[in-house]
Number of protein chains: 2
Amino acid sequence: MNVLRDHGDVGDAPSVPPPLAETDPVPRLSAAEAARTLLAGTNLAALATLDGSGAPWSSLVTFGALEDGSPVLCLSRLAEHGRNAAGDPRASLMITESALPADPLAAGRVTLAGTLWRPAGGSAELAAARAVHLAAVPSARIYVDFSDFAVWVLAVERVRWVGGYGRMDWAPAEGYGAAAPDPVAPRAAGAVTHLNADHRDALLSIARALGGYPDAASASASGVDRYGIDLIVETPRGRAPARVAWSSPLTDAAELRAASVALTHRARAALEQS
Amino acid sequence: MNVLRDHGDVGDAPSVPPPLAETDPVPRLSAAEAARTLLAGTNLAALATLDGSGAPWSSLVTFGALEDGSPVLCLSRLAEHGRNAAGDPRASLMITESALPADPLAAGRVTLAGTLWRPAGGSAELAAARAVHLAAVPSARIYVDFSDFAVWVLAVERVRWVGGYGRMDWAPAEGYGAAAPDPVAPRAAGAVTHLNADHRDALLSIARALGGYPDAASASASGVDRYGIDLIVETPRGRAPARVAWSSPLTDAAELRAASVALTHRARAALEQS
(Lines give C-alpha, C1' and ligand atoms only; values in the text may rest on other atoms or scores of the structure.)
Protein backbone atom coordinates (compact mmCIF):
# COMPACT_ATOMS: atom_id res chain seq x y z
CA MET A 1 0.00 0.00 0.00
CA ASN A 2 1.19 3.47 -0.78
CA VAL A 3 0.70 6.14 1.82
CA LEU A 4 0.59 9.83 1.03
CA ARG A 5 3.89 11.29 2.21
CA ASP A 6 3.95 14.74 0.74
CA HIS A 7 1.18 16.74 2.39
CA GLY A 8 3.63 19.26 3.86
CA ASP A 9 3.54 19.99 7.57
CA VAL A 10 0.29 21.50 8.76
CA GLY A 11 1.23 20.82 12.36
CA ASP A 12 -2.01 19.29 13.59
CA ALA A 13 -1.97 15.69 12.46
CA PRO A 14 -3.74 13.65 15.15
CA SER A 15 -1.44 11.34 17.13
CA VAL A 16 -2.37 7.71 17.71
CA PRO A 17 -1.16 5.70 20.71
CA PRO A 18 1.02 2.80 19.54
CA PRO A 19 0.27 -0.79 20.60
CA LEU A 20 1.90 -1.93 23.87
CA ALA A 21 2.20 -5.57 22.84
CA GLU A 22 3.49 -7.18 19.69
CA THR A 23 0.87 -8.63 17.38
CA ASP A 24 1.05 -10.85 14.36
CA PRO A 25 0.76 -9.08 11.03
CA VAL A 26 -2.83 -9.36 9.81
CA PRO A 27 -3.53 -9.75 6.12
CA ARG A 28 -5.93 -7.35 4.44
CA LEU A 29 -7.91 -7.65 1.25
CA SER A 30 -5.59 -6.92 -1.64
CA ALA A 31 -6.41 -3.96 -3.85
CA ALA A 32 -7.68 -6.44 -6.45
CA GLU A 33 -9.89 -8.20 -3.89
CA ALA A 34 -11.15 -4.87 -2.54
CA ALA A 35 -11.94 -3.70 -6.07
CA ARG A 36 -13.83 -6.88 -6.90
CA THR A 37 -15.70 -6.56 -3.60
CA LEU A 38 -16.81 -3.03 -4.48
CA LEU A 39 -18.09 -4.23 -7.86
CA ALA A 40 -19.98 -7.09 -6.25
CA GLY A 41 -21.70 -4.67 -3.85
CA THR A 42 -23.56 -2.45 -6.31
CA ASN A 43 -24.93 -2.16 -9.83
CA LEU A 44 -24.34 1.58 -10.08
CA ALA A 45 -21.29 3.42 -11.40
CA ALA A 46 -20.04 6.67 -12.88
CA LEU A 47 -18.82 6.32 -16.45
CA ALA A 48 -16.30 8.65 -18.05
CA THR A 49 -16.24 8.74 -21.84
CA LEU A 50 -14.88 11.09 -24.51
CA ASP A 51 -17.09 13.34 -26.61
CA GLY A 52 -16.40 14.15 -30.25
CA SER A 53 -13.88 16.83 -29.29
CA GLY A 54 -12.00 14.52 -26.92
CA ALA A 55 -13.41 16.22 -23.82
CA PRO A 56 -14.43 14.04 -20.87
CA TRP A 57 -18.08 13.28 -20.10
CA SER A 58 -19.27 11.88 -16.77
CA SER A 59 -22.56 9.98 -16.61
CA LEU A 60 -24.54 7.56 -14.46
CA VAL A 61 -24.70 3.93 -15.56
CA THR A 62 -25.81 0.57 -14.23
CA PHE A 63 -23.64 -2.49 -14.71
CA GLY A 64 -23.19 -6.16 -14.11
CA ALA A 65 -19.78 -7.87 -14.12
CA LEU A 66 -18.48 -10.94 -15.91
CA GLU A 67 -16.61 -13.65 -13.96
CA ASP A 68 -13.32 -11.86 -14.65
CA GLY A 69 -14.66 -8.55 -13.32
CA SER A 70 -15.23 -6.95 -16.72
CA PRO A 71 -18.17 -4.56 -16.31
CA VAL A 72 -21.09 -4.96 -18.73
CA LEU A 73 -23.01 -1.80 -19.60
CA CYS A 74 -26.19 -1.24 -21.59
CA LEU A 75 -25.96 2.13 -23.33
CA SER A 76 -28.39 3.99 -25.57
CA ARG A 77 -26.98 5.67 -28.66
CA LEU A 78 -29.53 8.42 -27.95
CA ALA A 79 -27.57 9.26 -24.80
CA GLU A 80 -24.26 11.12 -24.82
CA HIS A 81 -22.30 8.21 -23.34
CA GLY A 82 -23.60 5.81 -26.00
CA ARG A 83 -22.55 8.13 -28.80
CA ASN A 84 -19.25 8.78 -27.06
CA ALA A 85 -18.48 5.05 -26.73
CA ALA A 86 -19.24 4.53 -30.42
CA GLY A 87 -16.88 7.38 -31.32
CA ASP A 88 -13.97 6.53 -29.02
CA PRO A 89 -14.07 3.32 -26.98
CA ARG A 90 -11.73 4.51 -24.22
CA ALA A 91 -13.65 4.66 -20.94
CA SER A 92 -13.33 4.65 -17.19
CA LEU A 93 -15.77 3.44 -14.56
CA MET A 94 -15.81 4.54 -10.92
CA ILE A 95 -17.62 2.52 -8.27
CA THR A 96 -18.05 3.44 -4.61
CA GLU A 97 -19.22 1.61 -1.53
CA SER A 98 -22.99 1.46 -1.70
CA ALA A 99 -23.40 2.71 1.89
CA LEU A 100 -21.19 5.78 2.09
CA PRO A 101 -19.83 6.92 5.46
CA ALA A 102 -20.59 10.44 6.72
CA ASP A 103 -17.25 11.60 5.34
CA PRO A 104 -17.46 10.31 1.77
CA LEU A 105 -13.72 10.56 1.13
CA ALA A 106 -13.29 7.95 3.85
CA ALA A 107 -15.22 5.58 1.59
CA GLY A 108 -13.81 2.83 -0.54
CA ARG A 109 -13.91 3.34 -4.30
CA VAL A 110 -12.27 1.99 -7.39
CA THR A 111 -11.57 3.40 -10.82
CA LEU A 112 -11.35 0.96 -13.72
CA ALA A 113 -9.94 2.24 -16.99
CA GLY A 114 -9.89 0.44 -20.29
CA THR A 115 -11.61 -0.01 -23.61
CA LEU A 116 -15.28 -0.65 -24.33
CA TRP A 117 -16.18 -3.27 -26.92
CA ARG A 118 -19.43 -4.64 -28.26
CA PRO A 119 -19.87 -8.42 -28.40
CA ALA A 120 -21.04 -9.41 -31.88
CA GLY A 121 -24.78 -9.92 -32.42
CA GLY A 122 -25.77 -13.54 -31.89
CA SER A 123 -22.46 -14.46 -30.21
CA ALA A 124 -22.17 -16.48 -27.03
CA GLU A 125 -20.26 -13.53 -25.60
CA LEU A 126 -23.23 -11.25 -26.18
CA ALA A 127 -25.62 -13.73 -24.58
CA ALA A 128 -23.36 -14.07 -21.54
CA ALA A 129 -22.86 -10.32 -21.21
CA ARG A 130 -26.57 -9.61 -21.61
CA ALA A 131 -27.44 -12.23 -18.98
CA VAL A 132 -24.93 -10.80 -16.51
CA HIS A 133 -26.28 -7.29 -17.01
CA LEU A 134 -29.90 -8.38 -16.58
CA ALA A 135 -29.08 -10.36 -13.45
CA ALA A 136 -27.50 -7.27 -11.89
CA VAL A 137 -30.02 -4.75 -13.25
CA PRO A 138 -33.46 -6.42 -13.40
CA SER A 139 -35.15 -3.22 -14.64
CA ALA A 140 -32.96 -3.34 -17.77
CA ARG A 141 -35.34 -5.97 -19.18
CA ILE A 142 -37.60 -3.00 -20.05
CA TYR A 143 -35.08 -1.45 -22.47
CA VAL A 144 -32.27 -3.93 -23.16
CA ASP A 145 -33.90 -4.92 -26.45
CA PHE A 146 -34.83 -1.40 -27.57
CA SER A 147 -33.12 -0.75 -30.88
CA ASP A 148 -31.11 2.19 -29.52
CA PHE A 149 -29.54 0.22 -26.67
CA ALA A 150 -26.41 -1.90 -27.01
CA VAL A 151 -24.45 -4.11 -24.65
CA TRP A 152 -20.86 -2.97 -24.06
CA VAL A 153 -18.11 -4.74 -22.13
CA LEU A 154 -15.27 -2.79 -20.51
CA ALA A 155 -11.95 -4.55 -21.07
CA VAL A 156 -10.17 -3.48 -17.89
CA GLU A 157 -6.58 -2.30 -18.34
CA ARG A 158 -5.94 -0.24 -15.19
CA VAL A 159 -7.37 -0.62 -11.68
CA ARG A 160 -6.92 2.09 -9.07
CA TRP A 161 -8.34 1.31 -5.67
CA VAL A 162 -8.74 3.86 -2.87
CA GLY A 163 -9.73 2.51 0.54
CA GLY A 164 -10.19 5.89 2.21
CA TYR A 165 -7.72 8.53 3.36
CA GLY A 166 -4.19 7.45 2.56
CA ARG A 167 -5.09 3.85 1.65
CA MET A 168 -4.73 3.26 -2.06
CA ASP A 169 -3.01 1.02 -4.53
CA TRP A 170 -2.91 -0.06 -8.15
CA ALA A 171 -4.04 -3.61 -8.81
CA PRO A 172 -2.47 -5.40 -11.75
CA ALA A 173 -5.13 -6.06 -14.41
CA GLU A 174 -4.43 -9.83 -14.31
CA GLY A 175 -4.69 -9.88 -10.53
CA TYR A 176 -7.98 -8.01 -10.77
CA GLY A 177 -9.35 -10.51 -13.25
CA ALA A 178 -8.36 -13.45 -11.06
CA ALA A 179 -9.41 -12.04 -7.70
CA ALA A 180 -12.67 -12.89 -5.96
CA PRO A 181 -14.99 -10.54 -4.05
CA ASP A 182 -14.81 -10.83 -0.28
CA PRO A 183 -17.52 -13.41 0.55
CA VAL A 184 -18.04 -11.76 3.93
CA ALA A 185 -18.88 -8.31 2.53
CA PRO A 186 -22.65 -8.77 2.10
CA ARG A 187 -23.02 -9.41 5.83
CA ALA A 188 -20.20 -7.24 7.15
CA ALA A 189 -22.30 -4.21 8.12
CA GLY A 190 -24.82 -6.37 9.95
CA ALA A 191 -22.07 -8.25 11.77
CA VAL A 192 -20.43 -5.00 12.91
CA THR A 193 -23.76 -3.68 14.21
CA HIS A 194 -24.44 -6.92 16.05
CA LEU A 195 -20.97 -7.13 17.60
CA ASN A 196 -21.16 -3.53 18.80
CA ALA A 197 -24.69 -3.90 20.17
CA ASP A 198 -24.30 -7.22 21.99
CA HIS A 199 -20.64 -8.21 22.31
CA ARG A 200 -18.63 -5.23 23.50
CA ASP A 201 -17.09 -7.35 26.26
CA ALA A 202 -15.82 -9.84 23.68
CA LEU A 203 -14.39 -7.03 21.52
CA LEU A 204 -12.61 -5.63 24.58
CA SER A 205 -11.05 -9.02 25.34
CA ILE A 206 -9.91 -9.35 21.73
CA ALA A 207 -8.40 -5.84 21.74
CA ARG A 208 -6.57 -6.48 25.02
CA ALA A 209 -5.28 -9.99 24.35
CA LEU A 210 -4.77 -10.06 20.58
CA GLY A 211 -4.95 -6.47 19.30
CA GLY A 212 -1.85 -5.10 21.03
CA TYR A 213 -3.75 -2.87 23.46
CA PRO A 214 -3.69 -4.47 26.95
CA ASP A 215 -4.62 -1.05 28.32
CA ALA A 216 -7.85 -0.84 26.28
CA ALA A 217 -10.79 0.53 28.26
CA SER A 218 -13.33 -0.22 25.54
CA ALA A 219 -13.38 -1.44 21.98
CA SER A 220 -15.81 -1.39 19.08
CA ALA A 221 -15.76 -3.09 15.71
CA SER A 222 -15.33 -0.86 12.66
CA GLY A 223 -15.24 -3.55 10.01
CA VAL A 224 -14.93 -7.23 9.22
CA ASP A 225 -13.70 -9.00 6.13
CA ARG A 226 -12.65 -12.51 5.24
CA TYR A 227 -9.22 -12.06 6.87
CA GLY A 228 -10.06 -10.39 10.16
CA ILE A 229 -11.75 -7.75 12.23
CA ASP A 230 -10.96 -4.04 12.55
CA LEU A 231 -11.39 -2.44 15.95
CA ILE A 232 -11.43 1.06 17.36
CA VAL A 233 -9.81 0.89 20.78
CA GLU A 234 -10.16 3.51 23.52
CA THR A 235 -7.17 3.67 25.86
CA PRO A 236 -6.06 6.13 28.58
CA ARG A 237 -3.47 7.19 25.96
CA GLY A 238 -6.09 7.97 23.32
CA ARG A 239 -7.99 6.20 20.55
CA ALA A 240 -6.30 3.74 18.20
CA PRO A 241 -7.24 1.37 15.40
CA ALA A 242 -6.37 -2.31 15.79
CA ARG A 243 -6.79 -5.31 13.58
CA VAL A 244 -6.96 -9.00 14.50
CA ALA A 245 -6.96 -11.97 12.12
CA TRP A 246 -9.44 -14.83 12.23
CA SER A 247 -7.80 -18.20 12.80
CA SER A 248 -7.98 -18.72 9.05
CA PRO A 249 -9.50 -16.75 6.18
CA LEU A 250 -13.26 -17.19 5.85
CA THR A 251 -14.76 -18.55 2.65
CA ASP A 252 -18.40 -17.80 3.41
CA ALA A 253 -20.26 -15.13 5.35
CA ALA A 254 -21.97 -17.86 7.36
CA GLU A 255 -18.59 -18.53 9.05
CA LEU A 256 -18.50 -15.06 10.63
CA ARG A 257 -20.31 -16.08 13.79
CA ALA A 258 -18.15 -19.09 14.57
CA ALA A 259 -15.00 -17.11 13.78
CA SER A 260 -16.02 -14.35 16.20
CA VAL A 261 -16.76 -16.87 18.93
CA ALA A 262 -13.43 -18.64 18.35
CA LEU A 263 -11.55 -15.36 18.50
CA THR A 264 -13.28 -14.43 21.76
CA HIS A 265 -12.37 -17.80 23.32
CA ARG A 266 -8.75 -17.41 22.20
CA ALA A 267 -8.63 -13.90 23.67
CA ARG A 268 -10.17 -14.91 27.00
CA ALA A 269 -7.87 -17.91 27.33
CA ALA A 270 -4.88 -15.67 26.70
CA LEU A 271 -6.07 -13.13 29.28
CA GLU A 272 -6.58 -15.86 31.89
CA GLN A 273 -3.03 -17.10 31.35
CA SER A 274 -1.49 -13.64 31.61
CA MET B 1 -38.38 18.37 -22.57
CA ASN B 2 -37.18 15.84 -25.08
CA VAL B 3 -38.66 12.41 -24.96
CA LEU B 4 -36.92 9.37 -26.38
CA ARG B 5 -38.75 8.50 -29.58
CA ASP B 6 -36.55 5.94 -31.23
CA HIS B 7 -36.63 2.85 -29.05
CA GLY B 8 -38.11 0.73 -31.82
CA ASP B 9 -41.23 -1.33 -31.12
CA VAL B 10 -40.77 -3.95 -28.44
CA GLY B 11 -44.52 -4.40 -28.17
CA ASP B 12 -44.91 -4.32 -24.41
CA ALA B 13 -44.87 -0.65 -23.42
CA PRO B 14 -47.21 -0.24 -20.43
CA SER B 15 -50.37 1.74 -21.22
CA VAL B 16 -51.52 4.55 -18.96
CA PRO B 17 -55.18 5.61 -18.64
CA PRO B 18 -55.61 9.19 -19.88
CA PRO B 19 -57.24 11.86 -17.70
CA LEU B 20 -61.02 12.12 -17.99
CA ALA B 21 -61.15 15.86 -17.24
CA GLU B 22 -59.15 18.75 -18.60
CA THR B 23 -56.56 20.19 -16.27
CA ASP B 24 -54.46 23.33 -16.37
CA PRO B 25 -50.89 22.82 -17.52
CA VAL B 26 -48.65 22.58 -14.46
CA PRO B 27 -45.18 24.08 -14.56
CA ARG B 28 -42.22 21.88 -13.63
CA LEU B 29 -38.74 22.77 -12.48
CA SER B 30 -36.74 23.76 -15.54
CA ALA B 31 -33.69 21.68 -16.37
CA ALA B 32 -31.56 24.50 -14.95
CA GLU B 33 -33.56 24.60 -11.71
CA ALA B 34 -33.50 20.81 -11.44
CA ALA B 35 -29.73 20.81 -11.99
CA ARG B 36 -29.15 23.48 -9.35
CA THR B 37 -31.42 21.53 -6.97
CA LEU B 38 -29.32 18.39 -7.44
CA LEU B 39 -26.14 20.34 -6.68
CA ALA B 40 -27.70 21.85 -3.56
CA GLY B 41 -28.63 18.40 -2.28
CA THR B 42 -25.21 16.79 -2.00
CA ASN B 43 -21.47 17.42 -1.73
CA LEU B 44 -20.47 14.30 -3.65
CA ALA B 45 -19.87 13.90 -7.37
CA ALA B 46 -18.12 11.83 -10.00
CA LEU B 47 -15.39 13.72 -11.85
CA ALA B 48 -14.22 12.84 -15.35
CA THR B 49 -10.78 14.12 -16.35
CA LEU B 50 -8.23 13.30 -19.04
CA ASP B 51 -5.00 11.46 -18.36
CA GLY B 52 -1.73 12.21 -20.15
CA SER B 53 -2.78 10.11 -23.14
CA GLY B 54 -6.15 11.83 -23.44
CA ALA B 55 -8.03 8.84 -22.03
CA PRO B 56 -10.91 9.48 -19.62
CA TRP B 57 -10.56 8.96 -15.87
CA SER B 58 -13.50 8.72 -13.49
CA SER B 59 -13.01 9.53 -9.80
CA LEU B 60 -14.90 10.43 -6.64
CA VAL B 61 -14.78 14.04 -5.46
CA THR B 62 -16.47 16.29 -2.96
CA PHE B 63 -17.58 19.77 -3.96
CA GLY B 64 -19.24 22.98 -2.91
CA ALA B 65 -20.83 25.39 -5.37
CA LEU B 66 -20.46 29.14 -5.89
CA GLU B 67 -23.57 31.35 -6.17
CA ASP B 68 -23.63 30.83 -9.92
CA GLY B 69 -23.50 27.05 -9.56
CA SER B 70 -19.81 26.67 -10.44
CA PRO B 71 -18.56 23.61 -8.53
CA VAL B 72 -15.47 24.07 -6.34
CA LEU B 73 -13.21 21.05 -5.94
CA CYS B 74 -10.18 20.43 -3.76
CA LEU B 75 -7.80 18.08 -5.59
CA SER B 76 -4.46 16.59 -4.59
CA ARG B 77 -1.74 16.53 -7.20
CA LEU B 78 -0.79 13.16 -5.71
CA ALA B 79 -4.08 11.79 -7.01
CA GLU B 80 -4.71 10.98 -10.66
CA HIS B 81 -7.47 13.57 -11.04
CA GLY B 82 -5.27 16.35 -9.65
CA ARG B 83 -2.50 15.51 -12.11
CA ASN B 84 -5.03 15.17 -14.91
CA ALA B 85 -6.55 18.60 -14.19
CA ALA B 86 -3.11 20.18 -14.22
CA GLY B 87 -2.34 18.55 -17.57
CA ASP B 88 -5.65 19.26 -19.35
CA PRO B 89 -8.30 21.37 -17.61
CA ARG B 90 -11.28 19.93 -19.49
CA ALA B 91 -13.53 18.14 -17.01
CA SER B 92 -17.04 16.90 -16.39
CA LEU B 93 -18.89 16.41 -13.12
CA MET B 94 -21.88 14.12 -12.59
CA ILE B 95 -24.18 14.54 -9.60
CA THR B 96 -27.10 12.30 -8.65
CA GLU B 97 -29.96 12.56 -6.20
CA SER B 98 -28.54 11.78 -2.79
CA ALA B 99 -31.34 9.29 -1.98
CA LEU B 100 -31.47 7.03 -5.01
CA PRO B 101 -34.69 5.16 -5.83
CA ALA B 102 -34.66 1.36 -6.09
CA ASP B 103 -34.26 1.66 -9.85
CA PRO B 104 -31.30 4.02 -10.07
CA LEU B 105 -31.93 4.99 -13.70
CA ALA B 106 -35.23 6.49 -12.50
CA ALA B 107 -33.12 8.92 -10.47
CA GLY B 108 -32.37 12.51 -11.28
CA ARG B 109 -28.82 13.34 -12.26
CA VAL B 110 -26.93 16.08 -14.04
CA THR B 111 -23.71 16.21 -15.99
CA LEU B 112 -21.81 19.49 -16.02
CA ALA B 113 -19.00 19.87 -18.55
CA GLY B 114 -16.51 22.67 -18.74
CA THR B 115 -13.03 23.80 -17.83
CA LEU B 116 -11.29 23.68 -14.48
CA TRP B 117 -9.33 26.73 -13.36
CA ARG B 118 -7.34 27.59 -10.25
CA PRO B 119 -8.05 30.93 -8.55
CA ALA B 120 -4.76 32.76 -7.99
CA GLY B 121 -3.10 32.45 -4.57
CA GLY B 122 -4.19 35.27 -2.26
CA SER B 123 -7.08 36.33 -4.51
CA ALA B 124 -10.59 37.09 -3.28
CA GLU B 125 -11.79 34.42 -5.70
CA LEU B 126 -9.63 31.82 -3.98
CA ALA B 127 -10.89 32.86 -0.55
CA ALA B 128 -14.50 32.67 -1.73
CA ALA B 129 -14.02 29.32 -3.45
CA ARG B 130 -12.18 27.87 -0.44
CA ALA B 131 -14.93 29.06 1.92
CA VAL B 132 -17.65 27.55 -0.27
CA HIS B 133 -15.84 24.22 -0.42
CA LEU B 134 -15.26 24.12 3.34
CA ALA B 135 -18.89 24.99 4.07
CA ALA B 136 -20.04 22.08 1.91
CA VAL B 137 -17.29 19.64 2.97
CA PRO B 138 -16.40 20.30 6.62
CA SER B 139 -13.88 17.45 6.73
CA ALA B 140 -11.84 19.22 4.04
CA ARG B 141 -10.42 21.45 6.78
CA ILE B 142 -8.11 18.53 7.54
CA TYR B 143 -6.38 18.65 4.15
CA VAL B 144 -7.36 21.84 2.32
CA ASP B 145 -4.09 23.48 3.35
CA PHE B 146 -1.87 20.46 2.67
CA SER B 147 0.72 21.51 0.11
CA ASP B 148 -0.42 18.92 -2.44
CA PHE B 149 -4.05 20.09 -2.47
CA ALA B 150 -5.37 22.90 -4.63
CA VAL B 151 -8.75 24.55 -5.05
CA TRP B 152 -10.21 24.24 -8.56
CA VAL B 153 -13.37 25.85 -9.93
CA LEU B 154 -15.29 24.25 -12.79
CA ALA B 155 -16.40 26.91 -15.31
CA VAL B 156 -19.60 25.27 -16.53
CA GLU B 157 -20.12 25.29 -20.29
CA ARG B 158 -22.65 22.49 -20.85
CA VAL B 159 -25.43 21.22 -18.56
CA ARG B 160 -27.23 17.97 -19.31
CA TRP B 161 -30.02 17.10 -16.92
CA VAL B 162 -31.76 13.72 -16.80
CA GLY B 163 -34.85 13.46 -14.60
CA GLY B 164 -35.33 9.72 -14.97
CA TYR B 165 -36.54 7.58 -17.86
CA GLY B 166 -37.34 9.75 -20.87
CA ARG B 167 -37.12 13.07 -18.99
CA MET B 168 -34.04 15.01 -20.01
CA ASP B 169 -32.95 18.33 -21.37
CA TRP B 170 -30.01 20.61 -21.95
CA ALA B 171 -29.92 23.74 -19.82
CA PRO B 172 -28.28 26.82 -21.33
CA ALA B 173 -25.15 27.67 -19.33
CA GLU B 174 -26.44 31.20 -18.60
CA GLY B 175 -29.78 29.84 -17.43
CA TYR B 176 -27.97 27.39 -15.19
CA GLY B 177 -25.89 30.16 -13.65
CA ALA B 178 -28.97 32.29 -12.96
CA ALA B 179 -31.29 29.53 -11.71
CA ALA B 180 -31.96 28.84 -8.04
CA PRO B 181 -32.29 25.46 -6.34
CA ASP B 182 -35.84 24.43 -5.48
CA PRO B 183 -36.34 25.76 -1.93
CA VAL B 184 -38.78 22.94 -1.22
CA ALA B 185 -36.34 20.11 -2.03
CA PRO B 186 -34.79 19.72 1.45
CA ARG B 187 -38.22 18.88 2.90
CA ALA B 188 -39.79 17.19 -0.11
CA ALA B 189 -39.18 13.60 0.97
CA GLY B 190 -40.54 14.26 4.46
CA ALA B 191 -43.62 15.99 3.06
CA VAL B 192 -44.34 13.08 0.71
CA THR B 193 -44.06 10.60 3.57
CA HIS B 194 -46.35 12.68 5.77
CA LEU B 195 -48.98 13.21 3.06
CA ASN B 196 -49.05 9.50 2.26
CA ALA B 197 -49.21 8.46 5.90
CA ASP B 198 -51.86 10.91 7.15
CA HIS B 199 -53.64 12.60 4.25
CA ARG B 200 -54.62 10.01 1.67
CA ASP B 201 -58.20 11.34 1.67
CA ALA B 202 -56.94 14.83 0.78
CA LEU B 203 -54.73 13.41 -2.00
CA LEU B 204 -57.73 11.52 -3.38
CA SER B 205 -59.84 14.71 -3.44
CA ILE B 206 -57.03 16.55 -5.22
CA ALA B 207 -56.64 13.79 -7.80
CA ARG B 208 -60.40 13.66 -8.46
CA ALA B 209 -61.12 17.39 -8.57
CA LEU B 210 -57.91 18.92 -9.90
CA GLY B 211 -55.77 16.10 -11.28
CA GLY B 212 -58.02 15.04 -14.15
CA TYR B 213 -59.00 11.69 -12.64
CA PRO B 214 -62.60 11.93 -11.32
CA ASP B 215 -62.64 8.12 -11.33
CA ALA B 216 -59.66 7.85 -8.97
CA ALA B 217 -60.10 5.16 -6.31
CA SER B 218 -56.98 6.14 -4.39
CA ALA B 219 -54.03 8.48 -4.76
CA SER B 220 -50.58 8.83 -3.26
CA ALA B 221 -47.97 11.57 -3.52
CA SER B 222 -44.78 10.73 -5.42
CA GLY B 223 -43.10 14.13 -5.19
CA VAL B 224 -43.46 17.79 -4.37
CA ASP B 225 -41.54 20.81 -5.60
CA ARG B 226 -42.03 24.55 -5.53
CA TYR B 227 -44.52 24.43 -8.41
CA GLY B 228 -46.77 21.54 -7.47
CA ILE B 229 -47.40 18.01 -6.35
CA ASP B 230 -46.99 14.77 -8.30
CA LEU B 231 -49.51 12.01 -7.65
CA ILE B 232 -49.87 8.35 -8.49
CA VAL B 233 -53.56 7.70 -9.10
CA GLU B 234 -55.25 4.29 -9.05
CA THR B 235 -58.33 4.09 -11.24
CA PRO B 236 -60.53 1.20 -12.45
CA ARG B 237 -58.78 1.83 -15.81
CA GLY B 238 -55.28 1.39 -14.32
CA ARG B 239 -52.57 3.47 -12.66
CA ALA B 240 -51.67 6.94 -13.89
CA PRO B 241 -49.42 9.83 -12.87
CA ALA B 242 -51.02 13.23 -12.28
CA ARG B 243 -49.66 16.61 -11.37
CA VAL B 244 -51.39 19.56 -9.72
CA ALA B 245 -50.01 23.08 -9.24
CA TRP B 246 -50.00 24.98 -5.97
CA SER B 247 -51.96 28.23 -6.15
CA SER B 248 -48.63 29.99 -6.70
CA PRO B 249 -45.01 28.82 -6.69
CA LEU B 250 -43.56 28.37 -3.21
CA THR B 251 -40.52 30.36 -2.14
CA ASP B 252 -39.78 28.48 1.09
CA ALA B 253 -40.22 24.91 2.28
CA ALA B 254 -42.17 26.24 5.26
CA GLU B 255 -45.00 27.12 2.86
CA LEU B 256 -45.57 23.44 1.94
CA ARG B 257 -48.08 22.78 4.68
CA ALA B 258 -50.29 25.79 3.97
CA ALA B 259 -50.12 25.08 0.23
CA SER B 260 -51.24 21.48 0.76
CA VAL B 261 -54.13 22.60 2.97
CA ALA B 262 -55.20 25.24 0.43
CA LEU B 263 -55.11 22.70 -2.40
CA THR B 264 -57.25 20.28 -0.37
CA HIS B 265 -59.82 23.00 0.35
CA ARG B 266 -59.93 23.95 -3.33
CA ALA B 267 -60.39 20.30 -4.32
CA ARG B 268 -63.16 19.65 -1.80
CA ALA B 269 -65.01 22.82 -2.74
CA ALA B 270 -64.88 21.77 -6.39
CA LEU B 271 -66.14 18.28 -5.57
CA GLU B 272 -69.06 19.71 -3.56
CA GLN B 273 -70.07 21.91 -6.47
CA SER B 274 -69.95 19.12 -9.01
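In helix α3 of chain B, the residues Leu126(B), Ala129(B) and His133(B) are buried, where buried stands for under 20% relative accessible area, exposed for over 50% and partly exposed for anything in between, with a 1.4 Å probe and protein chains only. Looking down the axis of α3(B), the buried residues fall within an arc of 70°, so they line one face of the helix; the arc is that of the directions from the helix axis to the C-beta atoms. An α-helix has 3.6 residues a turn, so residues three or four places apart point the same way. Over on the other side of α3(B), Ala124(B) and Ala135(B) are exposed. This is a predicted model: local features need pLDDT of at least 70, side-chain atom pairs count only at pLDDT 80 or more, and totals for chains, interfaces and linings use all residues. Side-chain values use heavy atoms, with hydrogens and water left out, while residues are numbered from 1 along each chain as its sequence is written, and chains are lettered from A and ligands numbered from 1 in the order in which they are written.

As for what the buried residues of α3(B) pack against, the partners are β2 (56-62), β3 (64-65), β4 (71-76) and β7 (149-164) of chain B. Helices (H or I, at least four residues) and strands (E, at least two) are DSSP runs numbered from the N terminus. The helix α3(B) covers residues 124-136, and its 13 residues should span 18 Å at 1.5 Å a residue, which agrees with the 18 Å between its end C-alpha atoms; the expected span is 1.5 Å times one less than the number of residues.

Elsewhere in chain B, Ser98(B) sits in the loop between β5 (90-96) and β6 (109-117). Ser98(B) is exposed, at a relative accessible area of 59%. Not counting residues up to four places away in sequence, Ser98(B) touches Gly41(B) and Thr42(B), contact being heavy atoms within 4.5 Å. Asn43(B) is 55 residues away from Ser98(B) along the chain, with 9.1 Å between their C-alpha atoms.

Turning to chain A, its secondary structure comes to seven helices and eleven strands. Of its 274 residues, 50% are buried. One strand of chain A, β9 (residues 218-224), holds Ser220(A), which is buried with a relative accessible area of 17%. Neighbours within four places in sequence aside, the contacts of Ser220(A) include Asn196(A), Arg200(A) and Asp230(A).
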